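Colleague: I am new to this one. Could you take me through it?

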Amino acid sequence: MEKVRCVQNKGRYVYGVSAEKKRVGLGPIGIEGGEVYTIPYEDVSAIVHDCSAQPYQSTDDQTVRNWVMAHQNVLDAAGKQLGVVIPLGFDTILRPKDDVTYPEQVVKEWLKEDYSRLREVMRKIEGKDEYAVQVSYEPGLIVKQISEQSEEIRIIKEEIAAKSPGMAYMYRPKLEKAVKADIERLADKWFKDFYGRIKKHTDDIVIEKTKKLNNDQVMLLNLSCLVARDKVDSLGKELEEINNMDGFSIHFSGPWPPYSFVAKPVVTTQGE
């Protein structure tokens, strides 16, 4: 396995920011065994390890996966020991702007500059976690339901049945167009309905792009949800009701650090 280690220690790799105001050592739990510790400013602290000013780069996928996993593990450990933690993205590195400034000074200057926003974010995410919610539907089953319920489609089918095979073939695009229009109309209705039901149990929602699935289903909603810990059970029950509806399924994962609800740092970084 390829390994790339930090050299010259001119940068500080920042995992996140905590509400802990003391200098605390978390041990050699960082990327490539980096010694993780906090750099305090006022009543917040950056969670860092010493590294070079260059981003972590590797052509080996497993090496990158290990780095990302280590990043997540540090955030998990910091959350247990330090309480509220604002997570930053993988490979956020703060570096001196000249040869005079010390790396730790750069971190403190960033904390000072961004202090008000960081405190605001901490208030927003305190006691909450991020959950991913995806709602998908099975087109075949939905089409069957539409065909049974739509008067327009029933009439088109009767017309097709009364025609010769050649003429019936000419009518099929008309049937497909009617089915597609009904699915699009219903998809808009489902989106608004499910979104509203899910939103009741969350503090904030980010609508993500839907993804193409490797099965016979179509993704309808892809949401990142900020959920208070005392509302997770009620959200789970709501999602279970949707999952039990014919033709629909739910993918629900978490808790995760609330990346989707944290803005990037304003200082210059490398590797983002």
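Modeller: We shall discuss the salt bridges, the nonpolar cores and the pocket in turn. This is a predicted model, in which local features need pLDDT of at least 70 and side-chain atom pairs count only at pLDDT 80 or more, while totals for chains, interfaces and linings use all residues. Residues are numbered from 1 along each chain as its sequence is written, and side-chain values use heavy atoms, with hydrogens and water left out.

Colleague: How many salt bridges does the count come to?

Modeller: The count comes to 12 salt bridges, each being a side-chain nitrogen of Lys or Arg within 4 Å of a carboxyl oxygen of Asp or Glu.

Colleague: Which residue forms a salt bridge with lysine 200?

Modeller: Its partner is glutamate 238, with the closest N and O atoms 4.0 Å apart. Lysine 200 lies in the loop between H6 and strand S8 (204-207) and glutamate 238 in helix H7, so the pair ties together parts that are 38 residues apart in sequence. Helices (H or I, at least four residues) and strands (E, at least two) are DSSP runs, numbered from the N terminus.

Colleague: Is glutamate 238 buried or exposed?

Modeller: Glutamate 238 is buried, at 10% relative accessible area, whereas lysine 200 is exposed, at 57%. Buried means under 20% relative accessible area, exposed over 50%, and partly exposed in between (1.4 Å probe, protein chains only). Salt bridges with shared partners join both residues to Asp193, Arg197 and Glu241 in one network.

Colleague: Changing topic, which residues have the most contacts inside the largest nonpolar core?

Modeller: They are Trp190, Phe194 and Ile198, in a core of 21 residues. Such a core is a set of buried Ala, Val, Leu, Ile, Met, Phe, Trp, Tyr and Cys residues joined through side-chain atoms within 4.5 Å. Helix H6 (165-199) gives the largest share of this core, six residues. A second, separate core has 20 residues, including Val17 and Leu88.

Colleague: And what is the volume of the largest pocket?

Modeller: The volume is about 370 Å³. A pocket is an open set of points on a 1 Å grid over the protein atoms alone, where a 1.4 Å probe fits, with protein on both sides within 12 Å along at least five of seven lines; lining residues have an atom within 4 Å of a point. Of the 19 lining residues, the closest to the centre are Leu75, Gly79, Asp129, Arg229 and Pro257.

Colleague: Which element supplies the largest share of that lining?

Modeller: H1 does, with five residues.

Definitions and conventions. Grid points are joined across faces, edges and corners, and a volume is the space filled by probe spheres set on the points.
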